[in-house]
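Here is a short report on a predicted model.

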Amino acid sequence: MQINNTTEFRPKIVAFCCNWCSYAGADLAGNNRLSYPADIKIIRVPCSCRVNPTFILRAFQRGADGVILCGCHPGDCHYTSGNYYTRRRMTLLFSMMNYLGIEKERTRVEWVSAAEGAKFAAVMQDFAQTVAALGESKRLEDLRCKQ
Amino acid sequence: MQTVTREQLLSKAVSLLSSGTVNRVLGWKKGDFAYDVTPSVFETESELQDSFVYNIFCSANFSKYLISETQKEGRVLVFLKPCDSYSFNQLLTEHRFDRERVYAVGIPCDGMMDTASVKALAPDGLTHAVRDGEQLKISTLYDGETSFPFAKVLPDRCKLCKSKKVVVYDEMLGTNGDITDAPRFEEVVRLENMTEEERYTFWQKELSRCIRCNACRDVCPACTCEKCVFDNPASGVENKAIDDPFEEKLFHIIRAFHVAGRCTDCGECSRVCPQSIPLHLLNRKFIYDIDRNYGEYIAGAEEGLRAPLVDYHTDDPETDAVMEGGQKQ
């Protein structure tokens with residue numbers, strides 16, 4: 001048996017996915033045998049606007065190196081308007097995080113529909129690469145949560 | 001000179017109190033030191049005569065006190081400076097108190113000192129600080145009297161005052177002012193133009209001084225939840241003092257975010273901060289972003305405005321802050 005001893009950095013990425021679109025999109029990517037990095041940990045939410053700003057900061061606290069939020073395309077929200085609120089909130093939140101010096105590449109919003117399995121895989125690959133290039137998240141880490 | 005004097009305010013309060021128009025007066029009470037002025041509720045004329053003050057340290061925003069004061073019997077008299085009147089409108093918009101139970105007297109303001117600003121001029125032994133025309137005269141135990149140009153030594157929020165107009169009142173004392181066009185976002189822009197590294201260092205230096213006293217939250221007229229997210233005992237609030245840089249960032253981002261779109265930029269957060277953290281720069285960043293992306297908006301400018309974060313347009317811009325980490329294709 002071989003143990004992989006490489007010290008290559010693998011980022012931890014949290015993806016908040018809307019139940020009605022991107023979560024199904026991830027499913028479709030799987031059904032189509034499209035691969036996306038295993039570093040992505042998906043959390044299913046009922047709507048992208050369910051994501052409270054504290055969720056995103058808590059994810060970083062508990063060791064995430066990047067957080068991506070996926071919702072329905074504007075106009076396609078299952079609840080009519082949830083993603084429009086998300087768009088405003090996240091614009092402000094991410095802009096504020098960047099204002100405090102946190103790299104803006106670590107946070108992202110993407111619109112992925114249930115039919116866009118390929119887009120889901122592509123987005124996740126791109127995001128994982130971007131975050132891997134930045135390395136470990138240091139500016140929002142909580143030493144008490146480190147192992 | 002302050003255009004309204006203590007005597008004017010006092011006689012107004014006394015006459016309204018004795019005629020029965022109001023039952024209580026929200027006013028400033030003198031403390032032990034010149035700079036030590038406390039918001040207080042006065043119920044009788046003799047209390048007012050004894051300890052009501054109005055000077056350059058009367059900067060406390062009374063709007064938030066109305067939430068509890070209007071729960072009591074009768075009406076309360078409140079003095080509103082321009083800043084306070086914006087908060088007043090914002091609270092009315094959110095149905096936080098009963099307008100019928102308040103008698104609002106508008107007073108003009110051309111800047112108020114705070115403890116931190118005056119201590120910066122005279123760290124020790126301050127005995128006296130008064131405004132004389134355009135000069136601020138300070139006497140200390142050790143150096144005698146010195147004077148400074150008043151407009152120069154004001155705290156940031158008054159130097160860059162957004163409005164001298166009292167936007168809501170039942171009665172106005174003195175003359176009302178106008179909305180100004182002070183460059184209040186200059187500092188935000190300066191920070192935005194720094195590199196991420198420099199900004200991180202700047203905020204790390206500022207926020208690491210935070211002692212989590214929650215004064216900024218308690219004083220904020222927009223923070224009026226009865227149960228605050230930061231008071232949740234299940235989250236272990238008692239451990240969250242200063243032991244980790246993450247907690248400070250979490251607290252300050254969320255505190256500012258919870259009032260985003262409702263913050264009237266009154267600057268009370270920075271005034272009460274015992275560690276002199278420039279908290280208004282966080283709020284102003286949100287206001288600046290809202291103005292840029294969703295059109296100019298001044299919270300509390302009139303009653304009933306819909307705050308930007310509880311509203312949307314289908315064609316809102318998707319800035320590079322959210323989409324694809326700044327590389328939207």
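## Chain B overall

In this predicted model, 38% of the 329 residues of chain B count as buried. Chain B carries 13 helices and 8 strands. Its radius of gyration is 21 Å, close to the 20 Å that the globule rule gives for 329 residues, so chain B is as compact as a globular protein of that length.

Along the principal axes, the C-alpha atoms of chain B fill a box of roughly 70 × 50 × 45 Å. Contacts reach along the sequence too. Take the contacts in chain B between residues at least 6 apart in sequence: 67% of them join residues at least 24 apart.

Where they touch, domain 1 of chain B gives 17 residues and domain 2 of chain B gives 18 residues.

Which helix supplies the largest share of the domain 1 side? It is α4 of chain B (residues 82-93), with 8 residues. By class, the domain 1 side that touches domain 2 of chain B has 7 nonpolar, 7 polar and 3 charged residues.

## Helix α1 of chain A

Now to chain A. Helix α1 of chain A spans residues 22-31. Its buried residues are A:S22, A:Y23, A:G25, A:A26, A:L28 and A:A29.

What covers these buried residues? The cover includes three strands of chain A: β1 (13-18), β2 (40-45) and β3 (66-71). It also includes a helix of chain A, α4 (117-134). After α1(A) comes A:R33. The phi of A:R33 is positive, near 60°.

## Where chain A meets chain B

How many residues are in contact across the two chains? On one side there are 36 residues of chain A, and on the other 33 residues of chain B. Three elements of chain A each supply at least two residues of the chain A side: α2 (53-61), α3 (82-99) and β4 (107-111).

The largest share of that side comes from α3(A), with 15 residues. By class, the chain A side that touches chain B divides into 16 nonpolar, 9 polar and 11 charged residues.

Methods: Residues numbered from 1 in each chain as written. Chains lettered and ligands numbered in written order. Predicted model: local features only at pLDDT ≥ 70, side-chain atom pairs only at ≥ 80, totals over all residues. Contact = placed C-beta atoms within 7 Å. Helix = DSSP H or I, 4+ residues; strand = E, 2+ residues; numbered from the N terminus. Nonpolar A, V, L, I, M, F, W, Y, C, P; charged D, E, K, R; others polar. Rg over C-alpha atoms; globule rule 2.2 N^0.38 Å. Buried ≥ 20, exposed ≤ 12 C-beta atoms within 10 Å, placed from the backbone.
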